[in-house]
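Visitor: Please put the model on screen. I have some questions about it.

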Amino acid sequence: MSGKLYVVGTPIGNLEDITYRAVRILSEVDFICAEDTRVTVKLLNHFEIKKPLLSYHEHSAAHVSENIIERLQNGESCAVVTDAGMPCISDPGEDLVKMCRDLDIPVEAVPGPTAMATAAAVCGIPASRFAFEGFLSVTKKQRFAHLKSVAADTHTLIFYEAPHKLRTTLEDMLKYFGDRRISICRELTKIHEEVMRTTLSEAISYYETNSPRGEYVLVVEGAGEDISKKDYTLEDAVKLAKELTEKGIKLTDACKEAASVTGKKKNDIYSALM
């Protein structure tokens, strides 16, 4: 008889947020798969839990997953955790869950805190409908394509961001979204928790003199109903293309992207720039 995989949510900052059930499951399973064993061992030590830890992250080789599956099929039980929050969302644990489902190995959820839901609850921006967009790519072309694809969405958008990328991300959002309201949630549930409600342009100005610190959740207001009807001028298109080239995008690619966003002809944008 096969064992069971438990998907266990862990605190996103404050250790008091762990559930009684999570502590019990982590104490009872045969082994624990952790994104970073150094982080997880601190949590386990705090609750005096002694269990074998197996490193399981996005760079783990295929044989690691195969080993976990084999142990589950042999009757062992396993808990998968991430460094903070609910695992298996934009996380390698997602593949492990799929493998278990495909092989009819039982999977059980042990819910815990999630930064996106916590931010949505305290941000002050309507979030009855929201889309979780995760982290934007560090590759400019992919990041711009991502922002463009959600620019006309009318529901609230939630992103994660690291401090060293925050300023660039806010600038890119302003270009693709316009000057919308944003709630910048920093270090949620931790000592220095901060929720700042502002606009994208004001946030950019703020971080020109204040260095970003900690982990961020960005809650961005959705587009207005008339966003798709916005009239762009050729000047707007040229300005966007120029800004893209200043970020290292090739001139022809920048003109193509600006044309896609504004509806203007690529050749007209190129000619105006030249």
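**Questions at the model**

Visitor: Is D104 buried or exposed?
Guide: Buried means under 20% relative accessible area, exposed over 50%, and partly exposed in between, with a 1.4 Å probe and protein chains only. D104 has 67% relative accessibility, so D104 counts as exposed.

Visitor: What kind of model is this, and how are residues numbered?
Guide: Side-chain values use heavy atoms, without hydrogens and water, and residues are numbered from 1 along each chain as its sequence is written. The model is predicted: local features need pLDDT of at least 70, side-chain atom pairs count only at pLDDT 80 or more, and totals for chains, interfaces and linings use all residues.

Visitor: Where is D104, and what is its phi near?
Guide: D104 sits in the loop between α4 (93–102) and β5. Its phi is positive, in a residue other than glycine, and is near 60°.

Visitor: Is E187 buried or exposed?
Guide: E187 lies in the loop between β8 (181–186) and β9 (194–199). Its phi is positive too, near 55°, and E187 is not a glycine. Its relative accessible area is 15%, so E187 is buried.

Visitor: How many helices and strands does the protein have?
Guide: Helices (H or I, at least four residues) and strands (E, at least two) are DSSP runs, numbered from the N terminus. The count is eleven helices and ten strands.

Visitor: What percentage of contacts join residues at least 24 apart?
Guide: The protein has 274 residues, and 44% of them count as buried. A contact means heavy atoms within 4.5 Å. Among contacts between residues at least 6 apart in sequence, the share joining residues at least 24 apart is 71%.

Visitor: Which residues does Y6 contact?
Guide: Y6 is in strand β1 (residues 5–8). Y6 counts as buried because its relative accessibility is 14%. Leaving aside neighbours within four places in sequence, Y6 contacts I25, V29, S77, C78, A79, V80, E108 and V110.

Visitor: What separates the C-alpha atoms of Y6 and T82?
Guide: Along the chain, Y6 and T82 are 76 residues apart. Between their C-alpha atoms the separation is 12 Å.

Visitor: What covers the buried residues of α1?
Guide: The buried residues of helix α1 (residues 20–28) are A22, I25 and L26. They lie on the same side of α1, because they cover an arc of only 100° around the axis (the arc of the directions from the helix axis to the C-beta atoms). Their cover includes β1, β2, α2, β4 and β5 (107–110).

Visitor: How far does α9 reach from its first C-alpha to its last?
Guide: Helix α9 (residues 234–246) has 13 residues. The expected span is 1.5 Å times one less than the number of residues. That gives an expected 18 Å, and the reach is close to it, at 18 Å.

Visitor: What do the buried residues of α9 pack against?
Guide: Those buried residues are A237, V238, L240, A241 and L244. They cover an arc of only 160° around the axis, so they are on the same side of α9. On the other side, E235, K239 and E246 are exposed. The buried residues pack against α6 (140–150), α7 (166–177), α10 (251–262) and α11 (266–273).

Visitor: Which residues lie nearest the centre of the largest pocket?
Guide: On a 1 Å grid over the protein atoms alone, a pocket is an open set of points with protein on both sides within 12 Å along at least five of seven lines, and lining residues have an atom within 4 Å of a point. Points are joined across faces, edges and corners, and a volume is the space filled by probe spheres set on them. The largest pocket has a volume of about 1200 Å³. Its lining has 40 residues, and those nearest the centre are E35, T82, D83, A84 and Y160.

Visitor: Which element gives the most to the lining of the largest pocket?
Guide: Elements that each supply at least two lining residues are α2 (37–46), α5 (115–122), β6 (130–135), β7 (156–161) and β10 (216–220). With four residues, the one that gives the most is α2.

Visitor: Which residues line the largest cavity?
Guide: A cavity is a set of grid points where a 1.4 Å probe fits but cannot get out. The largest cavity has a volume of about 30 Å³. Its lining is C33, A34, E35, Y56, V80, V81, D91, P92 and G93.
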